[in-house]
Number of protein chains: 2
Amino acid sequence: MADKKVLIVYAHQEPRSFNGSLKTTAVEELSRQGCAVTVSDLYAMGFEPRTMRQDIVGDLSNPKHFNYGVEVYEAFKKRSLTSDILAEQKKVQEADLVIFQFPLYWMSTPAILKGWMDRVLCQGFAFRFPDFYYDTGYFKDKLALLSLTTGGTAEMYSKSGDMGDIRYYLWPLQHGILRFCGFKVLAPQISFAPEFVSQEERKLMVASWAQRLKNIWEEEPIDCSPACYFDQ
Amino acid sequence: MADKKVLIVYAHQEPRSFNGSLKTTAVEELSRQGCAVTVSDLYAMGFEPRTMRQDIVGDLSNPKHFNYGVEVYEAFKKRSLTSDILAEQKKVQEADLVIFQFPLYWMSTPAILKGWMDRVLCQGFAFRFPDFYYDTGYFKDKLALLSLTTGGTAEMYSKSGDMGDIRYYLWPLQHGILRFCGFKVLAPQISFAPEFVSQEERKLMVASWAQRLKNIWEEEPIDCSPACYFDQ
């Protein structure tokens with residue numbers, strides 16, 4: 001797919017990690033297809049996760065009572081968001097597909113990636129309440145995919161497992177964030193417990209990711225209704 | 001309860017915010033009861049949310065392949081975690097009750113608070129897998145309570161609302177994090193859409209929080225089973 005653009009938002013500290021291998025595999029396979037691939041390597045960039053006054057360049061609309069949501073929406077409209085947010089927004093704007101590559105930390109994204117969501121996906125850019133969200137969210141023509149690794153095994157993340165169904169943890173991310181912004185969500189790529197399997201099994205997990213990416217542009221988005229996540 | 005210690009982990013940028021009022025109200029009411037109250041004001045502290053090599057003082061066990069989870073567990077055992085993590089762990093260790101006061105950002109905690117979870121609640125301190133977690137988690141004699149504000153209304157966070165049931169978003173936090181560490185979880189204090197109600201209604205929300213805190217030590221923990229979160 002020579003005309004497609006992909007953004008990989010990657011959150012791992014160690015290039016030699018399993019997450020690093022999955023990221024590199026995606027870059028290689030998608031580039032081989034002719035896609036233009038951009039990687040936001042959050043730790044390497046020293047990406048700032050905190051939502052702060054500094055995100056707005058120049059004056060605030062109400063300096064006496066700082067309201068982050070209100071101020072960044074105003075700043076977005078005036079093009080006065082700080083440069084690292086603008087740079088990430090440009091990458092998202094240009095992408096046909098956004099892949100998030102991360103290890104599950106406390107049943108969610110690592111804080112550095114949560115900060116990317118908090119700061120980059122602001123009102124005006126990703127959605128505008130109450131007119132443009134979910135099916136009318138600004139990214140309705142884009143695809144998104146979570147590629148995550150877990151510490152626990154698939155059994156632990158099953159309905160009868162200690163943690164409960166992995167889908168319960170995907171709902172806030174896939175429905176609450178991605179679908180809210182309009183993204184069509186592809187099935188998550190979940191690599192369970194890579195630290196606790198053999199080198200051979202890790203290789204198979206990477207190979208299966210590479211294989212899936214060969215046909216990624218033919219995939220249909222998943223149904224993101226509550227029934228798909230929570231029905232017994 | 002003159003002998004009780006409370007830690008409030010507070011994540012809002014603006015002291016004059018509604019979150020700030022709820023935090024101040026809790027400090028005042030609990031202090032009035034004779035509790036020793038400590039506040040971790042994350043933005044004011046400039047709390048670091050990113051999980052990085054700097055969290056380990058001195059040598060790594062495997063500098064050639066940085067694995068955050070492994071390294072912090074080792075560092076915890078050697079007392080070589082960085083000082084801001086140790087300071088927060090000391091506060092948690094001493095607390096009978098930990099209250100998290102935050103605005104819901106993208107259906108979860110703001111990144112700065114997620115980073116507090118990621119960095120402070122490390123293996124060895126909060127749990128030890130596979131022997132000490134959930135009912136045997138290290139904080140089994142402590143209480144925890146999420147006090148959060150939302151942008152959306154209660155109707156939007158109902159089963160038939162756009163976002164879906166608010167409980168779906170509480171599961172990863174209350175079950176996935178707090179219960180995993182052993183905490184007994186008190187019912188969440190949810191202040192819906194304070195930005196969109198009258199000043200009078202906001203005052204009532206603050207008053208109801210103060211009222212609840214008067215009897216907080218008599219409350220029973222909630223049932224945290226999947227049925228309570230997901231059954232129709």
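**Exercise 1. Where do the two chains meet?**

Find how many residues of chain B are in contact with chain A, and which elements of chain B supply them.

*Solution.* Start with the count: 36 residues of chain B are in contact with 36 residues of chain A. Here, two residues are in contact if their C-beta atoms, placed from the backbone, lie within 7 Å. This is a predicted model, in which local features need pLDDT of at least 70, side-chain atom pairs count only at pLDDT 80 or more, and totals for chains, interfaces and linings use all residues. Residues are numbered from 1 along each chain as its sequence is written, while chains are lettered from A and ligands numbered from 1 in the order in which they are written.

Next, look at the elements. Two or more residues each come from helix H5 (111-120), helix H6 (166-179) and helix H8 (226-230) of chain B. H6(B) gives the most, seven residues. Helices (H or I, at least four residues) and strands (E, at least two) are DSSP runs, numbered from the N terminus.

Finally, sort this side of chain B by class: 20 residues are nonpolar, nine polar and seven charged. Ala, Val, Leu, Ile, Met, Phe, Trp, Tyr, Cys and Pro count as nonpolar, Asp, Glu, Lys and Arg as charged, and the others, Gly among them, as polar.

**Exercise 2. How are the copies related?**

Work out which rotation superposes chain B on chain A.

*Solution.* A rotation of 180° with 0.0 Å of shift along its axis does so, at an RMSD of 0.0 Å. In chain B, the C-alpha nearest the axis belongs to B:Ala111, 2.5 Å away from it. Also, 100% of the interface residues of chain B are interface residues in chain A too, so the copies meet through the same surface.

**Exercise 3. Follow H5 in two directions.**

Describe how H5(A) packs against H5(B), and then against H4(A).

*Solution.* Take the partner chain to begin with. The axes of H5(A) and H5(B) come within 8 Å and cross at roughly 170°. Axes are lines fitted to C-alpha atoms, for helices over the stretch in contact, and angles run from 0 to 180 degrees between N-to-C directions. The helices are therefore roughly antiparallel (over 145 degrees; roughly perpendicular means 65 to 115). Ala111, Lys114, Gly115 and Asp118 of each chain make the contact.

Now stay inside chain A. A:Ile85, A:Glu88, A:Gln89 and A:Val92 of H4(A) meet A:Trp116, A:Arg119 and A:Val120 of H5(A). By class, that contact has four nonpolar, one polar and two charged residues.

**Exercise 4. Zoom in on A:Val92.**

Decide whether A:Val92 is buried or exposed, and list what it touches.

*Solution.* A:Val92 lies in helix H4 of chain A. With 23 other C-beta atoms within 10 Å, A:Val92 is buried (20 or more are needed; 12 or fewer would be exposed, and in between partly exposed). Not counting residues up to four places away in sequence, A:Val92 touches A:Leu7, A:Val98 and A:Val120. A:Val92 and A:Val6 are 86 residues apart in sequence but 8.7 Å apart in space, C-alpha to C-alpha.

Methods:
Copies are superposed by least squares on the C-alpha atoms of residues with pLDDT of at least 70 in both. Angles under 35 degrees count as roughly parallel, over 145 as roughly antiparallel, 65 to 115 as roughly perpendicular and the rest as oblique.
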